[in-house]
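Here's a quick briefing on some rings and helices. Have the sequence and the model open while you read.

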Amino acid sequence: MSIVEIKVPDIGDFDEVTVIELMVKVGDTVKADQSLITVESDKASMEIPSSHAGVVKDFQVALGDKVKQGSVVLMLEVEGAVASAVVAAPAPQAAAPVVQAPVAAAAPAAVAASSGPIEVRVPDIGDFKDVAVIEIMVKPGDSIRIEQSLITVESDKAAMEIPSSAAGVLKELKIKVGDKVNIGDLLAILEGVVPTGAVAATVASVAAPALAAPVAAAASVPAVATVAAAVAAHNPGALTVGLPHASPSVRKFARELGVPLNEVKGSGLKGRITDADVQSFTRSVMSGAVQTLAAAAQAKPAAAGGNDGAGLGLIPWPKVDFTKFGPIERKEMSRIKKISGANLLRNAIMIPAVTNHDDCDITDLEAFRVSTNKENEKSGAKVTMLAFLIKACVAALKKFPEFNSSLDGDALIYKQYFHIGFAADTPNGLMVPVIKDADKKGIMQISLEMGELAKKARDGKLSPAEMSGASFTISSLGGIGGRYFTPIINAPEVAILGVCKSTIQPIWDGKAFQPRLMLPLSLTWDHRVIDGAAAARFNVYLGQILGDFRRVLL
């Protein structure tokens, strides 16, 4: 085994660039040419790969550090006889990433030629072939300037914008998102003034930032030239222009999952989107806590307009300068709360929801739960009241199957499975893990599974599969307090049970008032599927089961 220094290769004319992302950690096994860090200047970013395969032993850089050619990135333990200090020798033919520059700085002024159809083709983009078109930045009819970006192309590790070599009006696009292009391929037809040779040569020099940087052992390294898009990404609060602020590998990961990056808030340096951000967004969508803008637009009622209420015929939302009344503090909402608003609003507006409130006597059940936990003290397994509630709800859903259904146009989908979601309070917002096949599990198994899922939720490690597929949901505030509340139905479910803190109350038994432990229940249901009589029966039956849990066996 040998220790190898992995250094920053030739990155072109940039003196110092900032480390904005660490893509591996100490102990990771990396392959040759695997990306290690992402660096960024004011207009270009690139991923720095490893020149060897091995195990990461020590990082020599941190987020925010400035590095340049020859800076040591990390120490790598490799197999075989390798020199202890490996210097990344520049490959003579490799070109550094070139950022957008004024045309006048590199070539004489343009000479106007006659107007007419102009072909705009892909310039030299280095050694890459069949790069994918990931963004179209113009449309037919647009007035195009020289050097204006037309499309964005991307390889596995590098992305760049392709500018126009001419000015004019865009008459026709010859490519679409997803197409593969190579040098010389026809991109568009313009009609207007054609720049002559000097300007065309300048365009080629600016638009051809050979997407490769030299590394040790003559390994070719893809580099990123995001040009102007990277500049806009430095201000995450501003209107997004061009690509989201993310590395090519993250964008590729997002495309594989179908995640719209422009809707993901980055947690990295300068608001950069990371793999973890994409994964978190995916989990939120799968759990129903978040809805993409495309899905929200598809589900939005025809009468709905913007989010200010005007599209519903309401007066606009009030705009108030609160500072004139006194001191204020502005805090951004958490990502989950911010992007779940559309989902909650849709459910609240589109579902004709009604809530039944009731109380059930759980005195005997609570006594049984406490005694069971005492018997199992040595094993460490604890039974919760929510586990009994899940099992009781399964019994009620079997007796009243419309509560375990979903609307599909004019038809009802009756589910033959009983997957019960339960709302879990986490530092990042409300998450809804799902107990799958609760009808096939005992109380102890449900309690253990709930504990594991709740911990994962708090740690932000729930997988999409663990938050999807619920046919009925329970929202419990039992550990906090309150009496009753009206939970919002988690579409496409048709009902949700809200539970508050149980309290001792005097209950008349026909002879005297007796102290009984009463549990408040709030059942919200979709009136398109369920009527009031069925809802009342469901609540009564659920209370009977919780009052005498032997009924579950019937």
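Tyr541 comes out at 16% relative accessibility, so it counts as buried (buried is under 20% relative accessible area, exposed over 50%, partly exposed in between, with a 1.4 Å probe and protein chains only). This is a predicted model, where local features need pLDDT of at least 70 and side-chain atom pairs count only at pLDDT 80 or more, while totals for chains, interfaces and linings use all residues. Residues are numbered from 1 along each chain as its sequence is written, and side-chain values use heavy atoms, leaving out hydrogens and water.

**Aromatic pairs**
- The structure holds eight aromatic pairs; rings of Phe, Tyr and Trp (its six-membered ring) pair if their centres lie within 6.5 Å, with planes under 30 degrees apart called stacked, over 60 edge-to-face and the rest tilted.
- One of them is Phe388 with Phe549, edge-to-face at 5.1 Å centre to centre and 90° between the planes.
- Phe388 sits in helix α8 (residues 385-399) and Phe549 in the segment after α10 (532-547), so this pair ties together parts 161 residues apart in sequence. Helices (H or I, at least four residues) and strands (E, at least two) are DSSP runs, numbered from the N terminus.
- Phe388 and Phe549 are both buried.
- Phe400 and Tyr541 also pair edge-to-face, with 6.1 Å between centres and 70° between the planes.
- Phe400 is in the loop between α8 and β20 (405-408) and Tyr541 is in helix α10, so here the parts tied together are 141 residues apart in sequence.
- Phe400 has 11% relative accessibility, so it counts as buried.
- Ring pairs join Phe400, Phe403, Phe472, Phe538 and Tyr541 into a cluster.

**Lysines over rings**
- Lys399 lies over the face of Tyr541, 5.3 Å from the ring centre; the cut-offs are NZ of Lys or CZ of Arg within 6 Å of the ring centre and within 35 degrees of the ring normal.
- The charged end of Lys398 sits over the ring of Phe418, at 5.6 Å from its centre.

**How α8 meets α10**
- The two helices, α8 and α10, pack at about 135° with axes 9 Å apart (axes are lines fitted to C-alpha atoms, for helices over the stretch in contact, and angles run from 0 to 180 degrees between N-to-C directions).
- That makes α8 oblique to α10; angles under 35 degrees count as roughly parallel, over 145 as roughly antiparallel, 65 to 115 as roughly perpendicular and the rest as oblique.
- On the α8 side, the residues meeting α10 include Phe388, Leu389 and Lys399, and their partners in α10 include Phe538 and Tyr541 (contact means heavy atoms within 4.5 Å).
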